[in-house]
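Visitor: I would like a close look at one part of this protein. Please take me through it step by step.

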Amino acid sequence: MPASSPPSPAAGRRIQVRRSGVHGKGVFALVDIAEGEDIIEYVGEIITWKEALRRHPHDPKDPHHTFYFHIDDGRVIDAKYGGNASRWINHSCAPNCEADEQEGRVFIKALRDIRAGEELNYDYGLILDEPYTKAVKAQYPCWCGAKNCRGTLLAPKRGRR
């Protein structure tokens with residue numbers, strides 16, 4: 001019988017939260033992750049948008065930073081309460097992950113092979129009803145550094161250039 005292989009990093013952990021060069025905290029791969037793999041579920045307290053608006057902002061000094069994740073049926077996951085490492089995944093305009101909603105649950109999935117040591121990121125794709133003026137875009141700055149960086153966490157509005 002062959003000898004067992006050594007345990008993987010951090011006793012089986014595949015990701016780790018630590019300081020990010022992009023913004024604040026970030027989430028990093030401890031092992032190689034294959035394209036298409038589910039990495040982590042975005043979890044937290046599931047609330048209505050009405051309750052999310054009542055709670056907003058989480059931090060009055062940084063009113064546009066929240067741990068909210070919109071679920072298509074009008075509910076919101078508030079990862080400030082009961083959240084896990086997924087809440088620290090930063091935005092990128094050239095992401096290596098995507099958020100995949102499945103029956104009211106959100107999973108962060110690898111868009112491509114991710115090497116151990118890489119920071120995980122996905123496109124937040126924030127959408128506001130108001131017009132995207134320079135001032136509005138400046139309230140949601142992007143620091144991803146990607147070649148195609150939009151300069152904002154806001155998703156482009158459909159049909160506009």
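Which residue in S9 is the bridge partner of Ile-40?

Guide: The partner is Ile-108, in S9. Keep in mind that this is a predicted model.

S3 covers residues 38-42, and S9 covers residues 105-110. They run antiparallel, and four bridges join them. Ile-40 and Ile-108 are bridge partners across this pairing.

Now widen the view to the sheet. S3 and S9 belong to an open sheet of three strands. The order is S3-S9-S8, and the pairing is antiparallel. S3 and S8 are the edge strands. Each has a single partner strand, so one side of each has no neighbour in the sheet. Neighbouring strands here are turned by 30° against each other on average, direction ignored.

S8 spans residues 97-102. Helix H2 (49-55), strand S5 (68-70) and strand S7 (90-91) each supply at least two lining residues as well.

Finally, the pocket itself. The largest pocket holds about 1,600 Å³ of space. Its lining counts 49 residues. Of these, 26 are nonpolar, 12 polar and 11 charged. Nearest the centre lie His-64, Thr-66, Tyr-68, Tyr-124 and Leu-126.

Definitions and conventions: Residues are numbered from 1 along each chain as its sequence is written. This is a predicted model: local features need pLDDT of at least 70, side-chain atom pairs count only at pLDDT 80 or more; totals for chains, interfaces and linings use all residues. Side-chain values use heavy atoms; hydrogens and water are left out. On a 1 Å grid over the protein atoms alone, a cavity is a set of points where a 1.4 Å probe fits but cannot get out, and a pocket is an open set with protein on both sides within 12 Å along at least five of seven lines; lining residues have an atom within 4 Å of a point. Grid points are joined across faces, edges and corners, and a volume is the space filled by probe spheres set on the points. Ala, Val, Leu, Ile, Met, Phe, Trp, Tyr, Cys and Pro count as nonpolar, Asp, Glu, Lys and Arg as charged, and the others, Gly among them, as polar. Two strands pair if DSSP finds at least two bridges between them. Axes are lines fitted to C-alpha atoms, for helices over the stretch in contact, and angles run from 0 to 180 degrees between N-to-C directions.
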